Amino acid sequence: MSLSSPHVLPLLLLLASNVFMTTAWYGHLRFPGASLPVVILVSWGIALIEYCLAVPANRIGHAVYSAAELKTVQEVISLAVFAVFSVVVLGERFTLNHLVGFALIALGALFIFRGPLSS
């Protein structure tokens, strides 16, 4: 399967968009002395890049994934990116509580992709 496949490309675009969005939302925490108006403007600029990646990801991905599947993938990627970002960039600890919580969310994601449950 090629990287430009509608199965793969949206996932790569969502990964990249989440790196930008996590940076926009949480990167300013590394600079507590920066004024809030500056932080907001810089974050908006970073978020614009995120939108330029996320919108095509969803447009392309909707050819092969449902909207619920796309949203689920986005959330799982978002949590994974945030976990790495919080440890690497913010220097925070990743605890067992985080792991268990994220695992439960990932379990929920499996149900989205599994298809309808039988009654």
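Leucine 90 touches Tyr26, Leu29, Arg30 and Phe85 when residues up to four places away in sequence are not counted. This leucine lies in the loop that runs between H3 and helix H4, the latter covering residues 96–114. Although leucine 90 and histidine 28 are 62 residues apart in sequence, their C-alpha atoms are placed 9.9 Å apart in space. These values, like those that follow, were computed from a predicted model.

The protein chain contains 4 helices and 0 strands, and its elements, read along the sequence, follow the pattern α-α-α-α. Among the contacts in the protein chain with a separation of 6 or more, 74% are accounted for by residues 24 or more positions apart.

The interior was examined next. In soluble globular proteins, nonpolar side chains tend to be buried together. In the present model the largest nonpolar core has 7 residues, namely Leu13, Leu14, Leu53, Ala57, Val73, Ile77 and Val81. At least two residues of this core are supplied by each of helix H1 (9–26), helix H2 (36–61) and helix H3 (67–88), and H3 gives the most, with 3 residues. One of the core members, isoleucine 77, is in contact with Leu11, Leu14, Leu15 and Asn18 once its neighbours within four places in sequence are left aside.

The aromatic side chains were then considered, and the count came to 3 aromatic pairs. In one of these, the rings of tryptophan 25 and tyrosine 26 have their centres 6.3 Å apart and their planes at 75°, and the pair is therefore edge-to-face, since the angle is over 60 degrees. Tryptophan 25 has a relative accessible area of 52% and is exposed, whereas tyrosine 26, at 29% relative accessibility, counts as partly exposed. A further pair is made by phenylalanine 94 and phenylalanine 102, whose ring centres are 5.8 Å apart and whose planes stand at 45°, so that this pair is classed as tilted. Phenylalanine 94 has a relative accessibility of 37% and counts as partly exposed, and phenylalanine 102, with a value of 24%, likewise counts as partly exposed. Trp25 and Tyr26 also belong, together with Phe82, to one aromatic cluster, and Tyr26 is among the residues touched by leucine 90.

Several other positions were located relative to the helices. Serine 66 has its place in the loop between H2 and H3 and, at 32% relative accessibility, counts as partly exposed. The C-alpha atoms of serine 66 and proline 37 are 38 Å apart in space, with the two residues being 29 apart in sequence. Glutamate 75 is found in helix H3, where its relative accessibility of 34% makes it count as partly exposed. From the C-alpha atom of glutamate 75 to that of glycine 108 the separation is 11 Å, and these residues are 33 apart along the chain. Leucine 117 is situated in the segment after H4 and is exposed, with a relative accessible area of 58%. A separation of 37 Å was computed between the C-alpha atoms of leucine 117 and alanine 47, which are 70 residues apart along the chain.

Key:
Residues numbered from 1 in each chain as written. Predicted model: local features only at pLDDT ≥ 70, side-chain atom pairs only at ≥ 80, totals over all residues. Heavy atoms only, no water. Contact = heavy atoms within 4.5 Å. Core = buried A, V, L, I, M, F, W, Y, C linked by side-chain atoms within 4.5 Å. Buried < 20%, exposed > 50% of the residue type's maximum accessible area, 1.4 Å probe, protein only. Phe/Tyr/Trp six-rings, centres within 6.5 Å; stacked < 30°, edge-to-face > 60°.
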